[in-house]
Amino acid sequence: MKSQDLSNSNSSEFQVSEFILLGFPGIHSWQHWLSLPLALLYLLALSANILILIIINKEATLHQPMYYFLGILAVVDMGLPTTIMPKILAILWFNSKAISFPQCFIQMYAIHCFVAMESGIFVCMAIDRYVAICRPLRYPSIITGSFVVKATVFMALRNSLTTIPIPVFAAQRQYCSKNQIEHCLCSNLGVTSLSCDDDKTVKSIYQLLLAWTLMGSDLGLIILSYALILQSVLKLNSAEAASKALSTCTSHLILILFFYTVIIVISITHSAAMTVPLIPVLLNVLHNVIPPALNPMVYALKNKELRQGLYNLLKLDS
């Protein structure tokens with residue numbers, strides 16, 4: 001009985017109470033130099049998306065479902081980098097590497113929730129383009145303000161509820177003695193690799209299946225939407241009409257390809273035995289910062305109405 005008490009006492013003694021985020025693996029001595037480009041990317045993401053919201057709000061011609069979805073995407077694109085960048089900059093500037101368990105698991109939840117929300121908004125935008133091009137006469141009756149609200153609420157509820165098990169399962173594990181994470185954010189794989197539980201594999205597989213079911217179903221719907229759009233466009237007799245129809249989808253496709261390609265690359269590099277652990281960590285961070293900074297610029301460059309709204313806001317002649 002005494003030996004059992006001693007064992008329990010030792011187990012509780014070695015329970016860690018916080019994690020240490022070491023930053024970017026392999027470059028700890030000069031990683032602070034990354035703070036400037038990362039801070040600039042973060043400021044660009046915030047300012048560009050705020051600008052998009054101002055333009056959509058001020059221009060009456062942009063008060064349409066397509067631009068409402070773009071505005072929701074802008075809000076998500078401000079939230080996603082905000083979940084990680086303050087802590088990353090604190091690590092790089094002030095060497096503030098400690099993060100408590102609750103903060104770590106909240107950050108993990110927020111990252112998954114915002115990434116899933118971005119994926120969900122891409123689905124809504126793909127459906128919007130499908131109806132606009134393949135069912136143009138029914139577009140005003142299908143894609144309404146009410147549809148935008150219902151689709152957004154559904155995606156928000158879906159993503160906020162289905163991602164709860166990821167941090168919950170991670171928080172239920174036992175963390176003894178090891179608490180240093182070779183990362184600058186609380187990634188699911190980085191945190192759970194430190195646990196001393198025996199059932200790591202089962203929970204890890206469940207979490208990966210959950211994530212890929214969510215993202216995979218979104219990607220499947222997007223591919224289906226654009227396959228139907230392409231099929232419809234190829235049936236058009238006019239080359240000019242086909243070009244105009246495809247031009248409205250180009251910016252959307254660029255962003256989708258970048259978003260999902262990076263997710264796939266991150267998954268492969270994490271699961272493979274990487275000799276350079278810096279690569280998946282850097283990709284993970286950049287994936288949460290570059291798309292939010294890139295999305296508004298791609299739309300502003302490729303969309304004539306949005307570009308005109310920018311000219312009007314800046315009082316420039318188009």
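In this predicted model, helix α3, spanning residues 65-82, packs against α7 at an angle of about 30°, and the two axes lie 10 Å apart. Angles under 35 degrees count as roughly parallel, and α3 and α7 are therefore roughly parallel to each other. The crossing in which α3 passes α7 is right-handed.

The handedness of the α3 and α5 crossing is left-handed, whereas α3 passes α7 in a right-handed crossing.

The unreviewed UniProt entry annotates residues 33-56, 68-94, 106-127, 139-157, 209-230 and 251-272 as "transmembrane region". Two of these segments can be described from the model. Over residues 68-94 the chain is 93% helix and 0% strand, with 39 Å between the C-alpha atoms at the ends. Residues 106-127 are 100% helix and 0% strand, and here the end C-alpha atoms are 31 Å apart.

Helix α7, which covers residues 145-162, also has a part in the surface of the model, as it gives the most to a nonpolar patch, with four residues. The patch is formed by V149, V153, L157, L161, I164 and V168, and together these residues have about 500 Å² of accessible area. Among them, L157 is found in helix α7. According to the UniProt record, residues 139-157 are one of the stretches annotated as "transmembrane region".

Definitions and conventions
Residues numbered from 1 in each chain as written. Predicted model: local features only at pLDDT ≥ 70, side-chain atom pairs only at ≥ 80, totals over all residues. Heavy atoms only, no water. Patch = residues over 30% accessible without salt bridge, like charges linked within 9 Å, V, L, I, M, F, W, Y side chains within 5 Å. Areas by Shrake-Rupley, 256 points an atom, 1.4 Å probe, with all protein chains shown as cover. Salt bridge = Lys/Arg side-chain N within 4 Å of Asp/Glu carboxyl O. Helix = DSSP H or I, 4+ residues; strand = E, 2+ residues; numbered from the N terminus. UniProt positions renumbered as here; feature names shortened; annotations may be inferred. Axes fitted to C-alpha atoms, helices over the stretch in contact; angles between N-to-C directions. Parallel < 35°, antiparallel > 145°, perpendicular 65-115°, else oblique. Left-handed = near helix turned anticlockwise from the far one by under 90°.
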